[in-house]
Amino acid sequence: MADTLRNVQAERGTAILLVEHDVEFVRTFVSRVFVLDFGTLIASGPTAEVLASDEVRLAYLGETV
């Protein structure tokens with residue numbers, strides 16, 4: 001799926017809005033991420049930075065801080 005989305009993005013020169021809960025897929029595919037927790041934006045920015053956030057890890061990944 002990632003290859004297809006990358007091809008579409010390259011061919012059309014557009015951004016893609018991807019709603020996905022597979023964190024590993026997101027980590028390898030996107031350069032910027034927005035994280036919602038029950039509809040409230042709790043973090044946005046570069047993927048690695050956001051996924052390393054304690055608030056995101058607690059809310060989304062269920063890890064304790």
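This is a predicted model: local features need pLDDT of at least 70, side-chain atom pairs count only at pLDDT 80 or more; totals for chains, interfaces and linings use all residues.

Author: Residues are numbered from 1 along each chain as its sequence is written, and side-chain values use heavy atoms, with hydrogens and water left out.

Reader: Why is Phe 38 called exposed?

Author: Exposed means over 50% relative accessible area, buried means under 20%, and partly exposed lies in between (1.4 Å probe, protein chains only). Phe 38 has 83% relative accessibility, so Phe 38 counts as exposed.

Reader: What is the phi of Phe 38?

Author: Phe 38 has a positive phi of about 50° although it is not a glycine. Most residues other than glycine have a negative phi. Phe 38 is found in the loop between strand 1 and strand 2.

Reader: What makes strand 1 and strand 2 a pair?

Author: Strands are DSSP runs of E with at least two residues, helices are runs of H or I with at least four, and both are numbered from the N terminus. Two strands pair if DSSP finds at least two bridges between them. Six bridges join strand 1 to strand 2 (residues 40-46), and the two run antiparallel. One of the residues involved is Val 35, whose bridge partner in strand 2 is Ala 43.

Reader: Which residues make up the largest nonpolar core?

Author: A nonpolar core is a set of buried Ala, Val, Leu, Ile, Met, Phe, Trp, Tyr and Cys residues joined through side-chain atoms within 4.5 Å. The largest has seven: Val 26, Val 33, Val 35, Ile 42, Ala 43, Val 50 and Val 56. Strand 1 and strand 2 are the elements that give two or more residues to this core.

Reader: Which residues is Val 35 in contact with, leaving aside neighbours within four places in sequence?

Author: Contact means heavy atoms within 4.5 Å. On that basis the contacts of Val 35 are Thr 40, Leu 41, Ile 42, Ala 43, Val 50 and Val 56.

Reader: What does Leu 5 touch, not counting residues up to four places away in sequence?

Author: Leu 5, which lies in helix 1 (residues 2-12), touches Ile 16, Leu 18 and Phe 29. Leu 5 and Phe 29 are 24 residues apart in sequence, and their C-alpha atoms are 9.2 Å apart in space.
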